[in-house]
Amino acid sequence: MAQLADNMRINGERLWDSLMEMAKIGPGIAGGNNRQTLTDEDAEGRALFQRWCEAAGCTMGLDTMGNMFARREGTDPEALPVYVGSHLDTQPTGGKYDGVLGVLGGLEVLRTLNDLDIKTKHPIVVVNWTNEEGTRFAPAMLASGVFAGKHTEDWAKDRMDADGKRFGDELKRIGWEGDEPVGQRKMHAMFELHIEQGPILEAEGKDIGVVTHGQGLRWIECTVTGKESHTGSTPMHMRKNAGRGLARVTELVHEIAMAAQPGAVGAIGHVDVSPNSRNIIPGKAVFTIDFRSPDLEKLERMVAELEARAPGLCAEIGVEFSSEIVGQFNPPAFDEGCVGAIRDAAVRLGYSHMDIVSGAGHDACWINDVAPTAMIMCPCEDGLSHNEAEEITPGWATAGTDVLFHAVVETAEVVG
């Protein structure tokens, strides 16, 4: 099998131009992006991606969850494809690179193959997974989860946003529901390039993170129920303040995560307090706890401690606590062969690198259960992500995509 020459690199300037062009769709208010899933902006970003892929000679597949698959043919029609990609949807105050780098980096791989007139035995498919972020429709990585058999399609399409709009209805509304049954595709391997979303690579001065494992995750939606009453006329000892219960559980989450160190995190990130009026004591607080760890036993222990202690802390002040796990996945260990291909490419290309555990969830975490999978990470400034100030350098983007190019193409087997 032929190997790519060390001097074969992607076109970093073209990649950066593509990132900046995509960032014009769904601009945020502070330099980032608001291109939430199944919005008109998402539809516009998808259309641009499709035009680019078709210009690169690809055919586009679309499944019933809206996942997009741009295929470059291989020389062997029987060979399973090598997949590469991530997601184009963003947080409400998201950056220009989270997810997008992985999709457009995959497109750049195909463009570079065309430039160099390189053929591969296996087809290569660039994928845009629907609703990775999970902000508008929980949980995160929804469509890749359906693809991997973690959720049923009916359940996923019944997810509702804060305005009561159904996922399935919104997918149809924007015109990106395909006919292909979700999950029927078979993969030779899957690679995902992503910004780190943490500070480690930049702090260590490394170009490339070779992701060996991911963290497991539990999203726990909690409800504290008290009694609405007037803030001025209700005596302090007679109050049933749901906001106070929220405060107690907030401190409990921090305590549990700190006691589980090292290798564990926890916080409350989403809160709705009702009726959210200045002069009414809150009668209800609904909030989501995010626990993560690469150690499954530790992760489950944190959840169990929360469920054991939170009801009592709330009962002490006259309010009720209930909880439900609304999103979860266990810590993935990525495929050693794919991880090795990434590490070998970084060494051969002369990029500094280190092994790293992904602190965030990614579509690759689900796909890892159905196909050999691995991830590449590049640094991001100050570790900042899910923020409009999220930033990377053109050099970091180029290095990550160079490694992606070599790992993907050699896994797809160069012909000639």
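Analyst: Let us begin with burial: a residue is buried under 20% relative accessible area, exposed over 50%, and partly exposed in between, with a 1.4 Å probe and protein chains only. By that scale E410 is buried, at 18% relative accessibility. The model is predicted, so local features need pLDDT of at least 70 and side-chain atom pairs count only at pLDDT 80 or more, while totals for chains, interfaces and linings use all residues. Residues are numbered from 1 along each chain as its sequence is written, and side-chain values use heavy atoms, with hydrogens and water left out.

User: With which residue does the side chain of E410 meet in a salt bridge?

Analyst: In general, side chains of opposite charge can pair when their charged atoms come close. The criterion for a salt bridge is a side-chain nitrogen of Lys or Arg within 4 Å of a carboxyl oxygen of Asp or Glu. The partner of E410 is R348, at 2.9 Å from N to O. This pair links distant parts of the chain, as R348 belongs to helix α10 (residues 336–349) and E410 to helix α12, 62 residues apart. Helices (H or I, at least four residues) and strands (E, at least two) are DSSP runs, numbered from the N terminus.

User: How many salt bridges does this rule give?

Analyst: The count is 26. One of them joins K150 and D369 at 2.5 Å, N to O. That pair also links distant parts of the chain, 219 residues apart: K150 is in the loop between α4 (142–147) and α5 (153–157), and D369 in the loop between α11 (363–367) and β15. K150 is partly exposed at 37%, and D369 is likewise partly exposed at 46%.

User: Which residues does the UniProt annotation "binding site" cover?

Analyst: Such annotations may be inferred rather than shown by experiment; their positions follow the numbering used here, and feature names are shortened. The unreviewed UniProt entry assigns "binding site" to D98, E133 and H386. These residues span 289 residues in sequence, yet no two of their C-alpha atoms are more than 9.6 Å apart, so they gather at one spot.

User: Is D98 buried or exposed?

Analyst: D98 is buried, at 5% relative accessibility, and sits in the loop between β3 (82–86) and α3. By contrast, H386 is partly exposed at 40%, in the loop between β15 (373–378) and α12. A polar contact is a pair of N or O atoms within 3.5 Å; within protein, one must be able to donate a hydrogen and the other to accept it, and residues adjacent in sequence count only if both atoms are side-chain atoms. The side chain of D98 makes such contacts with the side chains of H87 (3.3 Å) and H386 (3.2 Å).

User: How many disulfides are there?

Analyst: A disulfide requires a pair of cysteine sulfur atoms within 2.5 Å, and the count is zero. For C53, the nearest cysteine sulfur is that of C58, 5.4 Å away. C53 is buried at 1% relative accessibility. The sulfur of C365 is 14 Å from the closest cysteine sulfur, in C338, which is too far for a bond.

User: Which residues of helix α1 are buried?

Analyst: In α1 (residues 12–22), the buried residues are G12, L15, W16, S18, L19 and M22. They are on the same side of α1, because they cover an arc of only 160 degrees around the axis, taken from the directions from the helix axis to the C-beta atoms.
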